Amino acid sequence: MFDQIAQSIPYQKLKINAPVEVTIKRLDLVHPQISGNKFFKLKYNFLEAQKSGLDKIITFGGAYSNHIAATAFAAQQFGFQSVGIIRGEELKEKPFNTTLKTAEQFGMQLHFVSRENYRLKDTSDFLDKLNADYPASYVIPEGGTNALAIQGCKEILTQEDQQNYDVICCAVGTGGTITGLIQACAAHQSVLGFSALKGDFLNKQVAEWTIQHNWTILDDYCFGGYAKTQPVLIQFMKSFEQQYQIPLEQVYTGKMLFGIFDLIQKNYFPAKSKILVIHSGGLQGRNSITE
């Protein structure tokens, strides 16, 4: 399945009244279920799990995780069982949102843990218990971010992308996608990330994965944090979608585009800059977030 990706991902140049050019690379159209950056992050992880002869995929995420939904579908297609460790023990008593319903429909077993225990998910004790409870499993970290995911995300940029643009913009959740873009971009390019979370921890994390310095992560447009919104963001998204017919969601891509347009108005980008915006998909979240 991962070998069947179309070699030509659509690009859409935006008509804007500004001294810069903005083009969106529509990764949301890569695959109907494994959308956007998740396609690239999961590719080598699933090939490795297949190569290792394991029969289960275990991964982690919150109630609105695009990664959870994409992993559930990919596991079903590859013939794996899948288990999702979901943050928030209280969620098992509530009606499932679109994301969790989607994951369950694709055969994922959902295991809800308290937020306190979820913070321990990377510890050896937590992982040892997982391996005991679910033997012969391949564990993919939260958001899919690991060395194999970064390897996949390097493939987002083509040689033409490296030649034709000055700035690469992307949304940032766990840091895997932006790290792949940083490692793949040309020497003259810079990478600008828009964090869905408040805080400096992503800068520290990405700095551990790359020695390059041509990147910046902003948390100015997180609107209070992951999965949080404000009326001004929703209004911007509606206006943007009406003008350009490009769907957005409120967790990642909506915040990123809001930030890009705000920075353009503030003359953040040098005149004549050619900006490539990575649309990272995740559109199943556009309904979930308002539930």
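Helix α9 gives the largest pocket the largest share of its lining, four residues. Keep in mind as you look around that this is a predicted model. Helix α9 covers residues 201-209, and α1 (37-52), α2 (66-78), β7 (167-172) and α8 join α9 in each supplying at least two residues of that lining.

Let's stay with the pocket for a moment. The space inside the largest pocket comes to about 680 Å³. Its lining is made up of 34 residues, and those nearest the centre are E142, G143, G173, T174 and L197.

Helix α8 runs over residues 176-184 and is mostly covered, with eight of its nine residues buried. The buried ones are G176, T177, I178, T179, G180, L181, I182 and A184.

Helix α10 spans residues 231-244 and helix α11 spans residues 253-265; the two pack with their axes 10 Å apart, at an angle of about 85 degrees. An angle from 65 to 115 degrees counts as roughly perpendicular, and therefore α10 and α11 are roughly perpendicular to each other. On the α10 side, the contact is made by V232, L233, F236, M237, F240 and Y244, while α11 brings G254, K255, L257, F258 and F261. Nine residues of this contact between α10 and α11 are nonpolar, with one polar and one charged residue besides.

Technical notes. Residues numbered from 1 in each chain as written. Predicted model: local features only at pLDDT ≥ 70, side-chain atom pairs only at ≥ 80, totals over all residues. Heavy atoms only, no water. Buried < 20%, exposed > 50% of the residue type's maximum accessible area, 1.4 Å probe, protein only. Axes fitted to C-alpha atoms, helices over the stretch in contact; angles between N-to-C directions. Parallel < 35°, antiparallel > 145°, perpendicular 65-115°, else oblique. Contact = heavy atoms within 4.5 Å. Nonpolar A, V, L, I, M, F, W, Y, C, P; charged D, E, K, R; others polar. 1 Å grid on protein atoms, 1.4 Å probe; cavity = no way out; pocket = protein on both sides within 12 Å on 5 of 7 lines; lining within 4 Å. Points joined across faces, edges and corners; volume = space filled by probe spheres on them.
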